[in-house]
Amino acid sequence: KMAAVKDLVILALDKDHKTTVTVHLHGATVLAWKTQGKELLFVSERAVYDNKKAIRGGVPLVFPNFGPWELGPQHGFARISRWKLEKAPEKDASGTMTAVFTLTDNKETRKMWDYKFKLTYTLHLTEKTFKTTLKVDNTGDKDFTFTTLLHTYFRVDDVTKATVSGLKGLEYVDKVRGDAKFTEDRDLVAVAGEVDRMYASTPSSHVITGTIGGSKILLEKSNLPDTVVWNPWVDKAKAMGDFGDDEYPSMLCVEAGHVATPLSLGAGQSFTGSQTLTLLDE
């Protein structure tokens, strides 16, 4: 069950392919971010590459709706739409490898959500960092509201030993406990069971420890004020057909988004949010 080569775009920083990003045109889903030979993103061994279903892992793009959606599929249509490679990967003057993907409204999207828009997704890869920027343009003549999120799946050695910083004192909605609201009291959030929490108004950076090979990753975000932490644990893992029953200890989703309150864009207005991931030295 492999992705077809024609569906993939690869940003390779070096000739020996030690630092690369692989993108699937279905959803412009980032499937891999490898730096210095270390693969940092999780993709399920059971992920489906049929250009219909959302790909289970990497960095799925959520737009125009986070979560269940009465107008269409959960998490919206961006992650199940075919994107266009607008600018093929190339190095800029500073040595950063850059590629640009776009999605514009079409018959399929307008059936669900009758608005004109353009999404521009720009990727920047350096030796230690991977930056993703999503720009949303309202190209029509009526206002629309949306939520959006980068659903990043990190590879971890053992999810029970991984931690996420920067959440203490913040209110979160706990989807495991019927969307009840709580306040986080831990300096470092750890996982010891199913977790599905939406933290609102989070700081502009988090450090994720226990990522693959004992590494740490710095997640910095701009204009994405909320952070979701998710791990399906035993029962949810078994319930997902495109996720191995025993894969949950190897992944943790830490997702930067604008989801606690919807954004509104008037005709001709735009929104830009970005995330930068940095592999921290030991």
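Predicted model: local features only at pLDDT ≥ 70, side-chain atom pairs only at ≥ 80, totals over all residues.
Figure 1. In one of them, F63 and F146 form a tilted pair, 5.3 Å centre to centre with 55 degrees between the planes. F63 lies in the loop between β5 (61-62) and β6 (84-91), while F146 belongs to strand β10 (residues 144-150), so the pair ties together parts that are 83 residues apart in sequence. Both F63 and F146 are buried. The rings of F144 and F146 are also paired: their centres are 6.0 Å apart and their planes stand at 65 degrees, so this pair is edge-to-face. F144 has a relative accessible area of 1% and is buried; for F146 the relative accessible area is 1%, and F146 is buried.

**Figure 2. One aromatic cluster, and charges placed over rings.** Here the view takes in the aromatic cluster formed by F63, W69, F77, W113, Y115, F117, F144, F146 and F271. Look for K142 at Y115, a member of this cluster: the charged end of K142 sits over the Y115 ring, 5.0 Å from its centre.

**Figure 3. Strand β7 and its two partners.** Strand β7 covers residues 97-104, and seven of its eight residues are buried, so the strand is largely enclosed by the rest of the structure. With β6, strand β7 pairs in the antiparallel sense over five bridges. These two strands form a hairpin with five residues between them, and G95 in the turn has a positive phi of about 90 degrees. With strand β8 (residues 117-125), β7 also runs antiparallel, joined by eight bridges. M97 is a handy landmark for finding both pairings: K91 stands opposite M97 in β7, and M97 in turn stands opposite L125 in β8.

**Figure 4. F101 and the nonpolar cores.** The largest nonpolar core has 60 residues, and W83, F101 and Y121 are those with the most contacts inside it. To explore the surroundings of F101, leave aside its neighbours within four places in sequence; F101 is then in contact with V9, V23, L25, A28, W83, K84, L85, E86, L119, T120, Y121 and L123. Elsewhere, a second, separate core of nine residues includes F42, W230, Y248 and C253.

**Figure 5. The nine-stranded open sheet.** Follow the strands across the sheet in the order β6-β7-β8-β9-β21-β18-β17-β12-β15; the sheet is open and its pairing is antiparallel. The edge strands are β6 and β15 (188-190), each pairing on one side only. On average, neighbouring strands of this sheet are turned by 15 degrees against each other, direction ignored.

**Figure 6. S274 and the pairing of β18 with β21.** Strand β18 (residues 215-222) and β21 pair in the antiparallel sense over seven bridges, and E220 stands opposite T276 in β21. S274 lies in this strand, β21 (residues 270-280). Is S274 buried or exposed? At 11% relative accessibility it counts as buried, the cut-off being under 20%. Not counting residues up to four places away in sequence, S274 touches K131, T132, T133, E220, K221, S222 and L224. Among these contacts, E220 is the residue that stands opposite T276 in the strand pairing.

Key
Residues numbered from 1 in each chain as written. Heavy atoms only, no water. Helix = DSSP H or I, 4+ residues; strand = E, 2+ residues; numbered from the N terminus. Buried < 20%, exposed > 50% of the residue type's maximum accessible area, 1.4 Å probe, protein only. Contact = heavy atoms within 4.5 Å. Phe/Tyr/Trp six-rings, centres within 6.5 Å; stacked < 30°, edge-to-face > 60°. Lys NZ or Arg CZ within 6 Å of the ring centre and 35° of its normal. Pairing = 2+ DSSP bridges. Core = buried A, V, L, I, M, F, W, Y, C linked by side-chain atoms within 4.5 Å. Axes fitted to C-alpha atoms, helices over the stretch in contact; angles between N-to-C directions.
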